[in-house]
Amino acid sequence: MNKIDIKIILKDSTDMKTLDDGSIDLVVTSPPYPMIEMWDNIFHSMGAKNYDEMHNYLAKTWKECFRVLKKGGLMCINIGDATRSIDHRFKLYPNHSRITEKCEQIGFETLPYILWQKPTNKPNAFLGSGFLPPNAYVTLDCEYILIFRKDGLRKFEPKHEGRYNSAFTKEERDVWFSQLWHVKGERQNEEGYDERTAAFPEEIPKRLIRMFSIEGDTVLDPFLGTGTTALIAKELHRNCVGYEVNAELLPIIKRKVGVSQVSLDSNVKANLIIEPSPS
Ligand SMILES: C[S@@+](CC[C@H](N)C(=O)[O-])C[C@H]1O[C@@H](n2cnc3c(N)ncnc32)[C@H](O)[C@@H]1O
């Protein structure tokens, strides 16, 4: 029977020293969004007070991701831009372009990105007054899924079995590899937790893990949150390492990812490891 490990590390991902260089096949993640108010406290607690400092803080994790990725490994980052008024001046904070710049400086190759539009029943919140030009603003109703690669194409021997077993269908390819995704957002509240969780819907890591890894690979989420990436990696028979700095999320992660040892089917057994191990 094959075995996969789902490892949850309750630590800060700016230093992932427990992971060896070149040990990860794919990164799938969504960090706290700079200049979005719900993340101010976490950035401030890490000494990052303004837009530049927030991106410098995130870049430490991107640099670690580059180190731990294998040659040909990919990194998918879900991020939204932010708008904010400071000193009565309204302005866009284009997080997606700042992350792209940082990742290129680190050495990543930038690949074409995905725009994720969340369908809504409500008309979009309109930032402006009435119907008079010119002082209204375009609504941010898309998020980005940025895609980066380390060091060229990943190489496989011809007819590699794991690769063929992980193939997607033509229908999946036609939807997943187009630039605009319509995927409904996730509910943002969890029992026993007072804050919004900012979880992404399962469909996002489900597509990305199928698109960019094969069965038996190891997926890293350095900003694990409620554990969505770990749950999907497990379901898709990939190993997973998740870093999360907020230990209060552990009960939610455990609820989502499941019990310590579970047989996924007759061939695969999953093992949940938590570090530091809870006493
Ligand atoms: C946008 S949320 C991730 C949500 C996740 N995708 C999900 O589906 O639940 C970002 C998470 O990163 C965590 N975080 C922020 N800085 C961190 C760091 N340096 N290392 C590890 N986790 C961090 C936050 O506590 C938060 O839970």
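This is a predicted model: local features need pLDDT of at least 70, side-chain atom pairs count only at pLDDT 80 or more; totals for chains, interfaces and linings use all residues.
1. **Main core.** The largest nonpolar core has 39 residues. Within this core, Ile-8, Trp-181 and Leu-208 touch the most other members. Helix H6, residues 203-212, gives the most to the core, with five residues. In soluble globular proteins, nonpolar side chains tend to be buried together.

2. Another core lies apart from the largest one and has 34 residues. Its members include Trp-62, Phe-108, Phe-148 and Val-241.

3. **Helix H6.** Eight of the 10 residues of H6 are buried, so the helix is largely enclosed by the rest of the structure. The buried set is Ile-204, Pro-205, Arg-207, Leu-208, Ile-209, Arg-210, Met-211 and Phe-212. Note that Arg-207 and Arg-210 are in this buried set. Arg-210 touches both Ser-166 and Arg-238.

4. **Ligand shell.** There are 23 residues around the ligand. Ser-13, Tyr-57, Thr-226, Thr-228 and Glu-244 come nearest. By class, the shell holds 14 nonpolar, six polar and three charged residues.

5. At Phe-200, a polar backbone atom is 3.1 Å from a ligand oxygen. At Val-245, a polar backbone atom is 3.2 Å from a ligand nitrogen. On its own, the ligand has 610 Å² of accessible area, and the protein covers 98% of that.

6. **Ser-166.** This residue sits in the loop between helix H4 (161-165) and helix H5 (170-176). Is Ser-166 buried or exposed? Its relative accessibility is 8%, and the cut-off for buried is under 20%, so Ser-166 counts as buried. A polar atom of its side chain lies 3.0 Å from the backbone nitrogen of Glu-215. Beyond four places in sequence, Ser-166 touches Arg-210, Ser-213, Ile-214, Glu-215 and Arg-238.

7. **Arg-238.** Arg-238 lies in the loop between helix H7 (228-235) and strand E10 (239-243). With a relative accessible area of 2%, Arg-238 is buried. Its side chain reaches the backbone oxygen of Ile-214 at 3.4 Å. Beyond four places in sequence, its contacts include Ile-4, Ile-6, Ile-209, Asp-217, Val-219 and Ala-233. Arg-238 also touches Ser-166, Arg-210, Ser-213, Ile-214 and Glu-215. Leu-69 is 169 residues from Arg-238 in sequence, and their C-alpha atoms are 15 Å apart.

8. **Cis peptide bonds.** Two bonds deserve a look. The bond from Pro-133 to Pro-134 is cis, with omega near 5 degrees. Pro-134 is in the loop between strand E6 (109-117) and strand E7 (142-149). The bond from Glu-275 to Pro-276 is also cis, with omega near -10 degrees. Pro-276 is found in the segment after strand E12 (268-275).

9. **Positive phi.** Asp-87 is not a glycine, yet has a positive phi of about 50 degrees. Asp-87 is in the loop between strand E4 (82-86) and strand E5 (89-93), and is exposed at a relative accessible area of 71%. Asp-151 has phi near 65 degrees, again positive in a residue other than glycine. Asp-151 lies in the loop between E7 and H4. At 40% relative accessibility, Asp-151 counts as partly exposed.

10. **Asn-246.** Asn-246 is placed in the loop between E10 and helix H8 (250-257). Its relative accessibility is 22%, so Asn-246 counts as partly exposed. A polar atom of the Asn-246 side chain lies 3.0 Å from the backbone nitrogen of Glu-248. Thr-226, one of the residues nearest the ligand, is 20 residues from Asn-246 along the chain, with 9.9 Å between the C-alpha atoms.

Conventions: Residues are numbered from 1 along each chain as its sequence is written. Side-chain values use heavy atoms; hydrogens and water are left out. A nonpolar core is a set of buried Ala, Val, Leu, Ile, Met, Phe, Trp, Tyr and Cys residues joined through side-chain atoms within 4.5 Å. Buried means under 20% relative accessible area, exposed over 50%, partly exposed in between (1.4 Å probe, protein chains only). Helices (H or I, at least four residues) and strands (E, at least two) are DSSP runs, numbered from the N terminus. A residue is near a molecule or strand if one of its heavy atoms lies within 4 Å of it. A polar contact is a pair of N or O atoms within 3.5 Å; within protein, one must be able to donate a hydrogen and the other to accept it, and residues adjacent in sequence count only if both atoms are side-chain atoms. Accessible areas come from the Shrake-Rupley method with a 1.4 Å probe; for residues, only the protein chains shown count as cover. Ala, Val, Leu, Ile, Met, Phe, Trp, Tyr, Cys and Pro count as nonpolar, Asp, Glu, Lys and Arg as charged, and the others, Gly among them, as polar. Contact means heavy atoms within 4.5 Å.
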